[in-house]
Amino acid sequence: MASLPRLAGSPFCGKKRKQNLIVVTWNIRSLLVNGNSNRPERRTALIVRVLRDYNVDIAALQESRLAGEGSLREEGGYAFYWSGRPEEERRESGVCLTIKNCLAAKLPTLPVAVNDRIQTLRIPLKRRLFVTILNVYAPTMTNPFETKKEFYGVLRSTISSVPTSDKLLLLGDFNACFGREVDVWPGVIGRQGVGNSNTKEENCPTPNPRKLNISKLKQPEYSNTMKTSMDSSLGGMATNPPEDITEHWNALKNAILDCATCTLGKMRRKQQDWFDENDRHIQDLLRAKSLAYQALLRQPKSASKEQIFINAKSTLQR
């Protein structure tokens, strides 16, 4: 679940006070209706009921399994926009963006279907800012290598096409297992992981990296340091180069990039991501919740300790 700054313009969905957009991602396994099922409601109706309970504004759904491209408005105030495989093909993927009707009516553009595994949606925020949401469903490990390679190639090109001034929100199911290697991914995964990591996390693309601060090369101290570092790193490669040309190129590229990164550093962005701007506040809330929980464990029968923990948890989930 993520929280974004409120939509630009007039009060959102009839709310007079400031209200952030609540965005979630959910692998719902299927939106297809099974004729043999005794379920009294449509799957879309069930999903709407859950989204309404949590006051969700936008939900990125995966494995919708619906054919082609289409949309529908479900009773309860939500619209579904999906992208899937053609009717005649086996439908084992599909993505769908579910948006509140009152929000969908204010959007300048509707969701764009890249293919049956990727959707994009561009939303205007306050102060002439935009956020681009990507809804992604990655191939599973059982898919051929060519299918996975094509998917990540399309995903990289889609991310590269996002305007650099936009905030990027990447949602979906990457079918990646990170295991329990907390030390390898500090601040990214928790300690509750299971199993071992697969190869998916190596393929997950990242947004456009921040450029190196090459303006420092105009200063003699940085240019001389860069030259000395390059001579030291590349000198060893010249005397003992790898036999494989691909390995040689990768080693050369990494050596140059490492030298430049250590010497010049990254250029600071003028606008941080929304979660970077709120990182300190989020950490304080997490710390308060943890302290309240530890106090409750020490005195499990204390009503006041329980209420403090409930309040801390409620504040964190807003």
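How many bridges join E9 to strand E10? I looked this up first. I kept in mind that the model is predicted.

**Entry: E9 and its partners**

I found seven bridges between E9 and E10 (residues 167–173), and the two strands run parallel. I then followed the chain from E9 to E10. E9, helix H3 (residues 145–160) and E10 make a right-handed β-α-β unit.

Next I turned to strand E8 (residues 118–124). E8 pairs with E9 over seven bridges, in the antiparallel sense. Here Ile118 stands opposite Val136 in E9. The hairpin of E8 and E9 has five residues between the strands, and Arg127 takes a positive phi near 55 degrees in this hairpin.

I also checked how covered E9 (residues 130–137) is. Seven of its eight residues are buried.

**Entry: rings**

I noted a charge over a ring. Arg122 lies over the face of Phe130, 3.9 Å from the ring centre.

Then I looked for aromatic pairs and found two in the structure. Phe151 and Tyr152 are edge-to-face, with 4.9 Å centre to centre and 75 degrees between the planes. Both Phe151 and Tyr152 are buried.

Tyr293 and Phe309 form a tilted pair, at 5.4 Å centre to centre and 45 degrees between the planes. This pair links distant parts of the chain, 16 residues apart: Tyr293 is in helix H8 (residues 279–298) and Phe309 in helix H9 (residues 303–316).

Is Phe309 buried or exposed? I read a relative accessible area of 13%, so Phe309 is buried. Tyr293 has 40% relative accessibility, so I put Tyr293 down as partly exposed.

Terms used:
Residues are numbered from 1 along each chain as its sequence is written. This is a predicted model: local features need pLDDT of at least 70, side-chain atom pairs count only at pLDDT 80 or more; totals for chains, interfaces and linings use all residues. Side-chain values use heavy atoms; hydrogens and water are left out. Rings of Phe, Tyr and Trp (its six-membered ring) pair if their centres lie within 6.5 Å; planes under 30 degrees apart count as stacked, over 60 as edge-to-face and the rest as tilted. Buried means under 20% relative accessible area, exposed over 50%, partly exposed in between (1.4 Å probe, protein chains only). Helices (H or I, at least four residues) and strands (E, at least two) are DSSP runs, numbered from the N terminus. A charge sits over a ring if NZ of Lys or CZ of Arg is within 6 Å of the ring centre and within 35 degrees of the ring normal. Two strands pair if DSSP finds at least two bridges between them. A crossover is right-handed if, with the strands pointing away from the viewer, the path from the first strand over the helix to the second runs clockwise.
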